[in-house]
Amino acid sequence: MKASRRELLLGTAALGAAAIAGNACNEKPKLPEDDPRYQGLLFLVPIEARTVDAWIEQLLPADHPPGTPGARAANVLLYIDKQLAQKHFTTIARGVRRAAVILQRAAVAQGAAHFADLDAPAQRVLLERLQQNQLAAFAEKTNTAKTFDTVLLLALEGYLGDPSYGGNKDQIVWRALGDSPACPKPLDANAHRHGHHE
Amino acid sequence: MKRFGTDEVDVCIIGSGAGGGPLALTLARAGCSVVILEKGPWYKAEDFTHDEIAISRRDFFVPYPSAEPHLLSRKQGDPLEPSSLGWTANCVGGGTVHMSGYVFRLHPEDFALANRYRGIPGHTLADWPITYQELAPYYDMVEREVGVSGKAGEYPFEPPRAGPYPFPPLAFNPLAARVDDACKKLGLHPFQTPRAIVSSAADGRSACVYCNYCGSFGCEVNAKSSTAASVIPKAIATDHCELRDGCMAYEIATDKEGRATAVRYITKTGERVEQKARVICVAATAIESARLLLASKSAAHPDGLGNKSGLVGKNLSFSTLAKVYGALERAALPDAERADHPIHFLQRSLQDDYFVKGRKGYDKGGTIVFQLAHRSAVYTAERLARRRTPLLWGEALKREIFRAYKDVIELEAEVFGEFLPNPHTFVALDASTKDKWGLAVAAIHVDNHPEDVAVSRVLADKARAVLEAAGARQLGSEAVGGTTFVLQHGTARFGDDKKTSVLDRHCKSHEVPNLYVTDGSFMPSSGGVPSTLTIMANSFRVGAHLAALRRNGALR
């Protein structure tokens, strides 16, 4: 796995903080960002990936309706990361990165270490403000509303689209819906009975 | 496939969709040497999967604005912004590949709307220089040649026709009976929607397999009657027609007298090539054809090719759109209707208000097409999210998504209405923005006439009443008075007066004697139906004219 410069910098910073906190052993402390799901992504660095993961789970939460998969179970994060790494999504990817920073900053301001550490209602409040363009500082000139909508649409693609792109893992969502885009089986003779064929 | 090289051929056609395909077939059958230049790729049936992300949400059909932008202002005074709207499918077959295939004829009255509405201010309608009767034989021809399924004689407002449809009507979902009953309860006259989809095998094409992925998708068995599945293969089989895909025409060259001599284009490998031709036919969509003509400036044509009138790009029209929906609760339906039926087509339409009864002044209505909501999952979820501002998400959205699949069957009505051409709706060339080849792009300015928005609302209300009478609940509407950007017309309108039109009645430029435009550009009014069938019929009509010239040794 190739670490990005940004990832290395963040990793170093985390280690430094741990050392100051008095962790004397040489082992890297276990951070939530170390979760394998956030490693080795194409665009998002682990700390951003954790934010986006929490974000999209709020967009498509598990068990609403009961028993239905959420974004996490469908691997939507993997899908979104792959999309953001594509050249034609450069501008959008930049917006998502900015929005992740804005969410993280707002979470820290509330005393959390990370956006994902907030409870679900608090995450939703911040996301609502992100959607309404009320979270970015004026100087940032960032249209987070547009970014929010784009992430929602990408999340829907990763949730409901073809599994070959990394989302909708094992067709989990199609199976839950009871429908898939496969061509129906050849029609039996009776299938035309309502058709008034001449 | 025959290869001609770049020496002079009889006819070079730019675009292989509704305006180019039928023309190519007619000319190739007449023995003309024909080269078709198509900017997009040549997809085969096996390329058309149901992968929604690849096919209908990326650049499979329509280029990204970062590569080939259109600039779009959606209302007078709004700034121009990069957009992918205004493109139809960029591939062999053009927009006929990803169409739903609703193919209605115009009505005889459509040919003289300017006269009918001369008292209404603010529009720039013009009467057609031909009549319905002159176009009717070519409607018959296109229905036969591309393959149209339908049932004639079902309703009193049907435009005159010589006989039955060449293919029997498609099968339909049992819920169609509800729509029939609802319409009849309201005193309306439903009829089976004519479709450019073959209901039985023909010409090496399969009959429709009812996969339910027509609109926004290509047909995986060639049952949909795109020009790529129908007339183009027939044209190539004559050995008089060559199709070059991935070839972007950027200029039509002229000689000192102002006659068109060649088409300059960029190949898929980036090579710049010049194809000489006796006659050049432009059929690249009303927006892109106007862009090409406006970009083809010379000493003889300083304002663009054939544009002394200043009308190239003006009088752009689309089709107005409204969408109405409502849900049938599965639990309340009888057994026969509750389960998912393999056939997703409803196949019902209404034209009772093609002219709105009792409306004073402007009464041009249109067509209501009933259908079941498309099954594409991402599209379905996106529509549900967009039903609220700001977009719906979270638990509420997820509940809606699962409800849409599990608990309800959604009925829809699409309303197609006349888009009144007006001084604020036009295409211009914008050299300040360039596409990936460095070519100036099309800037599309749109403004709706208040009357066509008002009528769109009247028709949407009518559609809503039908859905309600059919038992649908939680009714709603989208985009009432909106615009169908894939249906484009008017940017080189035809007419008998060269001061008020760009083309003559044969779609030949008034100024350039060997230049023709055969996509929707020629249409001075859009009609209250999707225009694809009319564009194809006219393409056959122009083809017949050129073939006659060739027979007389006058094709030049």
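Let us begin with B:Ala554, which is found in the segment that follows helix H13 (532–551) of chain B. Please bear in mind that this is a predicted model. Is B:Ala554 buried or exposed? B:Ala554 is exposed, because 9 other C-beta atoms lie within 10 Å, and a residue counts as exposed at 12 or fewer.

The largest nonpolar core comprises 205 residues. Those with the most contacts inside this core are A:Ile56 and A:Ala155 from chain A, together with B:Ala24 and B:Val34 from chain B. Which element gives the most to this core? That is helix H6 of chain A, residues 144–160, with eight residues. Apart from this core lies another, of nine residues, including B:Ala126, B:Leu420, B:Val486 and B:Leu487.

Leaving aside residues up to four places away in sequence, B:Val34 touches, among others, B:Val9, B:Val11, B:Ala24, B:Leu27, B:His240 and B:Cys241.

Finally, the contact between the chains. Chain B contributes 33 residues and chain A contributes 34 residues. On the side of chain B that touches chain A, the elements giving two or more residues are helices H2 (52–56), H10 (377–386) and H11 (395–406) of chain B. The largest share, six residues, comes from H11(B). By class, this side of chain B has 21 nonpolar, three polar and nine charged residues.

Conventions:
Residues numbered from 1 in each chain as written. Chains lettered and ligands numbered in written order. Predicted model: local features only at pLDDT ≥ 70, side-chain atom pairs only at ≥ 80, totals over all residues. Core = buried A, V, L, I, M, F, W, Y, C linked by C-beta atoms within 7 Å. Buried ≥ 20, exposed ≤ 12 C-beta atoms within 10 Å, placed from the backbone. Helix = DSSP H or I, 4+ residues; strand = E, 2+ residues; numbered from the N terminus. Contact = placed C-beta atoms within 7 Å. Nonpolar A, V, L, I, M, F, W, Y, C, P; charged D, E, K, R; others polar.
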